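Please consider the structure shown below.

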Amino acid sequence: MSSGARTDPQPARGACVSCLRRSWLLGELSGPLDYCARDRQRLLELLALADGELLDALAGRRGAELRARYARFEAESVDESLPDVESVCRHAREYPALLDGVGAPQMLEVSAGAGRLGELAARPVVAIIGSTRASDYGMEMARTLARGLAASGVTVAAGFGDGIAVGAHAGALDAPIGASIAVLGGGLSVSCPARRRALYRRVTRSGCVISELPSLVSGRRWGGIAAERIVVGLASLTVLVEGEQTDGALLGARIAQALARPLAAMPGRVTSPLSRGPHQLLRNGACLIRGPEDVLELLYPLGTPEDGPSAAPDSHTSDRPLALRRELRAILERVGLGCDTPDKLTRAGIDASDALLGLSELEVSGLLARGDGGRYVLRHPFRSDG
Amino acid sequence: MLARAHTFTIQGLHTLRVSVEVDVRPGLPAFTIVGLADAAVREARERIRAAILNCGYEFPSQRITANLAPGDMRKAGPGLDLALACAVLAASGQLPGEGLERVALFGELALDGSVRACRGTLAVAQATAQAGLHTLVLAGARAREAQLIGDLDVVVAERLSSAVRVLAGGAGDPLPAPGADRDRSSQPAPISVQAGACAGDLGDVRGQHHAVRALVIAAAGAHNLLLSGPPGTGKTMLAHRLPAILPPLSRAEAIEVTRIHSLIGSSVHALAHARPFRAPHHSITAAGLLGGASSGSVGEVVLAHNGVLFLDELSEFTRPTLEGLRQPLEDGRVAIVRARHSAVYPARFIFLAATNPCPCGYAGELDRCSCSEAAMARHQRRLSGPLLDRIDLLATLQRDLATDQRARPLTSTRHARERVADARQRQAHRLTGEGVYVNAHMDPRLLELHVRLDERGQQMLGAARRGGLLSARGEHRVLRVARTIADLNASARVRASDLGAALALRPDLGLAASRIA
């Protein structure tokens, strides 16, 4: 990309020089931004500043040098190692309309091309956020939620950290037509951890991974916070699945409130520290989410979605429980009640070999999954009418 | 004059027949040993000279050349002394040479002419019988060990002079009384834990019924078992109770185990009756576990042959050590190749491992587990893949159940042993003539033949396969385990409940499946 981009307001790759320059500047100021990230609110305020103000606020002793380079800035050739990556700036057609606002990123690098992002953002987008240290319950719920939504043609947006975000992407990819948008906290080339590379490729196949930083800027802590604002900004609805009642865990919810976007949360046990975040939101008026149906109801208050390739909700949630035999239902019910290991089921009065048979049948039919420490978790909210 | 004697040298677990040729001719007095002898054999010259003189014979002051054939194999150890000394005496005309042709001689000489026993006597006796030599002359201390091999005339020679008398057609020395073993203090500890000696009864295990059931299944079908659970839930306690519920060794197995005992230097007086139980510490090296640390040394996997290899804190073992287990787990033997020797050792054992589900051990308990996702992923990577693929059963233990004092034990060792023996008998009966005796060793052809699922079972297996819960190898494992569970239930058919239990016990690491996205 060595064209004379300086004079071209909208270059071929969908990013104009001023937006590329903003992205470059954020990369250069990554260190000071990370320092400021101790105060999340201040970081978000800084990110809303214009380039000049940002330089004034953060450049410090490097001010003169950075200003000189800023003035001379020319779009560099893109990183060749990621062939499909394209840049989308806020002036481009593909830039998600919902994201545009004060403090929004000026430029996004998109792993699967600009067109893909435009396409995905044109559908309804739901952000699934939550703790990076999630319980097996939270992971299954995030996964079920994302799968149901993706199967109904909704785009799932989530970060790319551990925990709930991973569950959300995995769930969206479980659905046959599912797609998700993953937001990285650093450059696309360098900030994806090795253990997530497979997921990166799978997400890119049908959805896309995006980042507001140039592809060679490594991820830092502030990037995670900035990514959260993009995740929430992309979505018309934000669902908090699991999280403690801390500033960090509730950051996404705060951003959604600031943007005046609807907020929803999935409840958990009141005894679990990871349920405190969602419960706090629910108490303050967030919508209660028990499964994908509840989200779809919020998105389409009048009934079924008008657009989207598939109007049918996830087959797992509605069809299967109808066919369940009585003894399997009994086991499912008990697992939901907390008798979630073979030994506990036996002590609850179920014969040992019946318990193992039932657990295996429920697992192979996708109603139970293995959780941590040999426990089983329900993959779908238990419904007595089913 | 030329004389030839027969003896054996030990190479790891194998014996090598050695022909000792001694030539004595006029010339400058010298004693040369050729034929790739190690230091212990070269030092034999001094022992032999002193022993011959102290027994009242004459050491020829001529040129003596001893050749150890075959010349291209390394000979080690002092066991060749007796044969060398007798060959020297025969070559110098102090002993009729014909006597040497029909016997094997095995022993180390002391300077006063007495004969000392050497490690590996049982293997040497076995090899002597196989080589068609009908008599083995050796020290009294290990004579009972050699007598365990029938079909062999074991003659005791406590002194070099006794050996000379035997070779001239006389009688041997009397067999020493049992327990009159002189070199007992220098012996390594016996390699098996006696059943029930240090391990308690299965009836001591309160609660954890799921894990106890898995232990019995593992014993019944010789399946490899992984115990996963937080610290203090009884993983090690359970593991130590496995050998006692295993069936006793068959005679062929007992000879194999005894032979290994003998080769690593324990003195044995009877065939082993307890299954070996080896529990090496996690600081063990790959060479220590697999063998080959020094030339010919055998590893823990070999010492666990026909028994149990228990690796506690599996995730603490180094990667190369665990990777090295793949071959023995797959083939039941381990091939060690080093610069100077290569050997294949038997190593068929029940692999029993215990691990924490995550580095801190409390996965699933949010208020206690302090592991990040990255730490859990690292923990999983260390164990997953090829090693986990060779484990048939996973039993997870829970903490809340471990502390329940009201819980009753599921079974006693005696009862479990009976059930296991019963199940083993069914397997042996079914697998007659197939070359395998237990379900764990059934190949896909035998699985096809002996594991017939009912309709419900087939549906479950199909659903598991479609749902990505089972790989092809995993499916075979589940079927083997299901067959064992059916055997424990004394059922000829594999019912859906047997398959269900096998599926519920199929291994992973005890961490949520959704974390591995």
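Two rings of Phe, Tyr or Trp are counted as a pair if their centres lie within 6.5 Å, and the angle between their planes decides whether the pair is called stacked (under 30 degrees), edge-to-face (over 60) or tilted (the rest). The model discussed here is predicted. Over all chains, a search of the whole structure finds four aromatic pairs. One of them joins Trp24(A) and Phe73(A): the ring centres are 5.4 Å apart and the planes meet at 40°, so the pair is classed as tilted. Trp24(A) belongs to helix 1 (residues 17-28) of chain A, while Phe73(A) lies in the loop between helix 5 (63-72) and strand 1 (86-89) of chain A; the pair therefore ties together parts that are 49 residues apart in sequence. Trp24(A) and Phe73(A) are both buried.

A further aromatic pair is formed by Phe160(A) and Tyr200(A), whose geometry is edge-to-face, with 6.5 Å from centre to centre and 80° between the planes. This pair also links distant parts of the chain, 40 residues apart: Phe160(A) is in the loop between strand 4 (155-159) and helix 8 (164-174) of chain A, and Tyr200(A) is in helix 9 (residues 197-206) of chain A. Phe160(A) and Tyr200(A) are buried.

Aromatic rings in chain A also meet charged side chains. Arg21(A) lies over the face of Tyr70(A), 4.5 Å from the ring centre. Likewise, the charged end of Arg38(A) is placed over the ring of Tyr35(A), at 4.2 Å from its centre.

The nonpolar cores come next. The largest nonpolar core has 78 residues, and Leu225(B) and Leu238(B) have the most contacts inside it. Helix 7 (residues 209-221) of chain B supplies the largest share of this core, nine residues. Which residues surround Leu225(B), leaving aside its neighbours within four places in sequence? Leu225(B) is in contact with Ala214(B), Leu215(B) and Ala218(B), with Phe351(B), Leu352(B) and Ala353(B), and with Ile391(B), Leu393(B), Leu394(B) and Ala395(B). Another core, of 67 residues, lies apart from the largest one and includes Leu25(A), Val125(A), Ala127(A) and Ala253(A).

Two residues of chain B may now be examined individually. Thr9(B) is part of strand 1 (residues 2-11) of chain B. Its relative accessibility is 1%, so Thr9(B) counts as buried. A polar atom of the Thr9(B) side chain lies 2.9 Å from the backbone oxygen of Ala76(B). Not counting residues up to four places away in sequence, Thr9(B) touches His14(B), Thr15(B), Leu16(B), Val18(B), Lys75(B), Ala76(B) and Leu80(B). Ala421(B) lies in helix 17 (residues 413-430) of chain B. With a relative accessible area of 34%, Ala421(B) is partly exposed. Its C-alpha atom is separated by 23 Å from that of Ala270(B), 151 residues apart along the chain.

Finally, the confidence of the prediction must be considered. The model scores ipTM 0.79 and pTM 0.79. Chain B has a mean pLDDT of 85, with 91% of its residues at 70 or more. Over residues 182-190 of chain B, however, pLDDT stays under 50, and the model has ten contacts beyond four places in sequence for this stretch. Residues 192-197 of chain B also have pLDDT below 50, with 14 contacts in the model beyond near neighbours in sequence. Where pLDDT is low, predicted coordinates should not be read in detail.

Definitions and conventions: Residues are numbered from 1 along each chain as its sequence is written. Chains are lettered from A and ligands numbered from 1 in the order in which they are written. Side-chain values use heavy atoms; hydrogens and water are left out. Rings of Phe, Tyr and Trp (its six-membered ring) pair if their centres lie within 6.5 Å; planes under 30 degrees apart count as stacked, over 60 as edge-to-face and the rest as tilted. Helices (H or I, at least four residues) and strands (E, at least two) are DSSP runs, numbered from the N terminus. Buried means under 20% relative accessible area, exposed over 50%, partly exposed in between (1.4 Å probe, protein chains only). A charge sits over a ring if NZ of Lys or CZ of Arg is within 6 Å of the ring centre and within 35 degrees of the ring normal. A nonpolar core is a set of buried Ala, Val, Leu, Ile, Met, Phe, Trp, Tyr and Cys residues joined through side-chain atoms within 4.5 Å. Contact means heavy atoms within 4.5 Å. A polar contact is a pair of N or O atoms within 3.5 Å; within protein, one must be able to donate a hydrogen and the other to accept it, and residues adjacent in sequence count only if both atoms are side-chain atoms. pLDDT is the predictor's confidence in each residue, from 0 to 100.
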